[in-house]
Amino acid sequence: MSSSTTTPSNAKLATFLTHHFPSSTPLTPLHNNIYASLLTVIYVQIVMTIGSYIQKAIPTKPELSRKFIHVSAASWIVFWSLFDETHWSWRLNVLVPVAMFFKLFYLGAIKKDPNDPETASMIRTSNPTELLYGPIHFTMLMTYVGLHHYSSTTPHKGIIIMSSMIGDGIAPLIGQAYGRYTYRVPMGNRKTVEGSAGVLIGTILGCLVFSCALGVEEWLEWRKLVAFGSLAAFVEGCSPGRFDNLVLTLVLDLSFDGIMNIYDWRG
């Protein structure tokens with residue numbers, strides 16, 4: 001992927017600015033991608049601020065702020081459409097997860113202040129080292145997805161993986177509110193059937209929303225969505241407690257082509 005640094009970009013962000021501000025200088029692909037990455041920075045800062053507010057407003061339910069940030073972070077994928085993949089700087093789409101990796105490492109391993117607003121909004125208990133598991137794993141999978149599955153035309157693997165994070169994010173909220181039937185697998189946390197159903201539903205909804213946002217909704221088929229959602233629910237229910245994000249990413253990544261081929265072959 002290479003492009004002249006002086007050729008105007010045709011990405012959505014550059015096109016939007018050119019249309020609404022015709023007197024401005026057209027953005028090159030590099031400048032387009034820099035501005036797009038800055039928009040992701042602003043987005044995440046807004047998310048973190050809202051998450052801290054939720055934690056302060058409802059301190060008795062720390063899961064609300066954690067999962068709000070979780071679901072919002074997964075939605076970072078919608079910004080992919082703003083990047084121009086003709087220039088190497090499309091890799092700036094992972095600017096935020098890389099920066100957040102180091103920030104979470106600092107907060108969880110060095111600062112270790114449970115009263116820090118951002119730390120408090122992302123942990124269940126008063127132990128800041130929690131940041132070194134689920135939250136930091138999330139930044140790792142975002143970086144992996146952004147570097148290996150970014151595409152403005154075929155982002156399907158990225159959509160599936162990040163949609164499973166939507167399901168994973170809403171599962172405990174549904175489980176806590178409506179859960180009646182529980183189960184537990186070796187090395188895993190206690191889960192509810194209702195929460196696992198939430199993973200299925202959340203994954204399907206995520207696929208629908210992300211596909212439409214990225215303009216690739218033509219690949220959507222209910223059979224495929226249910227297959228991926230069911231696999232995500234099964235894997236989330238069986239994964240080791242602190243590593244479910246990484247396990248979900250690995251399994252869905254490896255199984256994507258197989259599931260797609262099965263349903264494409266069946267027609």
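1. Start with Cys207: its relative accessibility is 0%, so Cys207 counts as buried (buried is under 20% relative accessible area, exposed over 50%, partly exposed in between, with a 1.4 Å probe and protein chains only). Cys238, at 33%, counts as partly exposed.

2. A quick word on what you're looking at: this is a predicted model, where local features need pLDDT of at least 70, side-chain atom pairs count only at pLDDT 80 or more, and totals for chains, interfaces and linings use all residues. Residues are numbered from 1 along each chain as its sequence is written, and side-chain values use heavy atoms, with hydrogens and water left out.

3. How many disulfides are there? The count is zero, taking a disulfide as a pair of cysteine sulfur atoms within 2.5 Å. Cys207 is in none, and the nearest cysteine sulfur, in Cys212, sits 11 Å away. For Cys238 the closest cysteine sulfur is that of Cys207, at 20 Å, which is too far for a bond.

4. Now the helices, which are DSSP runs (H or I, at least four residues) numbered from the N terminus. The axes of α8 (residues 193-214) and α9 (residues 222-238) come within 8 Å and cross at roughly 140°; axes are lines fitted to C-alpha atoms over the stretch in contact, with angles from 0 to 180 degrees between N-to-C directions. Cys207 turns up again here, as one of the α8 residues in the contact, along with Val199 and Leu200, while α9 brings residues including Trp222 and Phe228 (contact means heavy atoms within 4.5 Å).

Terms used:
Helices (H or I, at least four residues) and strands (E, at least two) are DSSP runs, numbered from the N terminus.
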